[in-house]
Amino acid sequence: MALRDFGVLVLVCLLWASNNIVSKYAVSHLDAPPLFYAALRFGVVALAVFPWLFPMPRPRWRLIVVALLMGGGNFALLFLGLKTATPSAAAVVGQLGVPITTLLSVMMLGERIRWRRGLGIALTMAGALAVMWDPGGFALSTGLLFVVGSAFTGSLGAVMMKQMEGVKPLQFQAWVGLASLVPLLGLSAIFEPGQVQAGLDAGWPFLAAVVYSGLVVSVGAHTLYYALVQRYEANLISPLTLMTPLATIALGVALLGDPFGPRMALGTAVALAGVLIIALRPNQVAPLLLAIRNRAQ
């Protein structure tokens, strides 16, 4: 990989990682309603890439389902999780999406798991469990449960997307934004009364977070990433995107004071080693999911 392109990939990973911090700040420190925040983010995305909306790819029902899983469902659960979970823990636990995708690809795409990928799955799950473990016993926080749910919805969407053909990246972004906007606004109206006033009370930092998350991270970093994918094989690019959770942890510790002790360090190392093993083994979906999971965060 050319040094310039590697620098672009580092920038992309830093933008994805910074989105974890920005989102945590919005839903936790600014006390913005998570579903409302997710809805506005997708509104920005839909508006920015609206010219690529048509023609609508087929089958239409699968496109809508995939868009909801990888968009509204994935992000809404992630933002709900970040309300109480730290970005560092969420970045590690979110890597569970990779082994989940591998297992789903066995059931839905007929892939086979050999011992190396099986080892990768075991390591990733062990590392994530180490991060969730409390010294007084296993105590999975509600926030991290939402992150696990986010990992599952993104994984299911990735496998279903693999069964589609001819969907261009910006076209998919447009449908993710449009398909996610209306349901999230409806759910926010039901479960987050006073959400508009809460957003207004949060002021310009909330608006800046929405624009940054939707325009700079989702659209900008996404476009740069797919330009790299067109030049290099996905199995080369995807393992390098593990810089994203590492950068998220570093930013979380430096900017938000996330706790990072020996247990967190060990769990992170074990989980990312497992993800790396899975990513380096030939398979249909893991490279796609790594991009999705990291971009989502």
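Predicted model: local features only at pLDDT ≥ 70, side-chain atom pairs only at ≥ 80, totals over all residues.

I took helices as DSSP runs of H or I with at least four residues, numbered from the N terminus. Residues are numbered from 1 along each chain as its sequence is written, and side-chain values use heavy atoms, leaving out hydrogens and water.

Next I checked the length of α12 (residues 243-256): its 14 residues should span 20 Å at 1.5 Å a residue, and the end C-alpha atoms are 19 Å apart, which agrees. The expected span is 1.5 Å times one less than the number of residues. Just after α12, I found Gly257 with a positive phi of about 70°.

Then I went to the nonpolar cores, meaning sets of buried Ala, Val, Leu, Ile, Met, Phe, Trp, Tyr and Cys residues joined through side-chain atoms within 4.5 Å. The largest has 56 residues, and Tyr37, Phe79, Phe172 and Phe206 have the most contacts inside it. Helix α3 gives the largest share of this core, 10 residues. A second, separate core of 12 residues includes Leu9, Val217, Tyr226 and Tyr232.

Last, I looked up Tyr37's partners (contact means heavy atoms within 4.5 Å). Leaving aside neighbours within four places in sequence, Tyr37 touches residues including Val22, Phe79, Phe206 and Ser213.

Technical notes: Helix = DSSP H or I, 4+ residues; strand = E, 2+ residues; numbered from the N terminus. Buried < 20%, exposed > 50% of the residue type's maximum accessible area, 1.4 Å probe, protein only.
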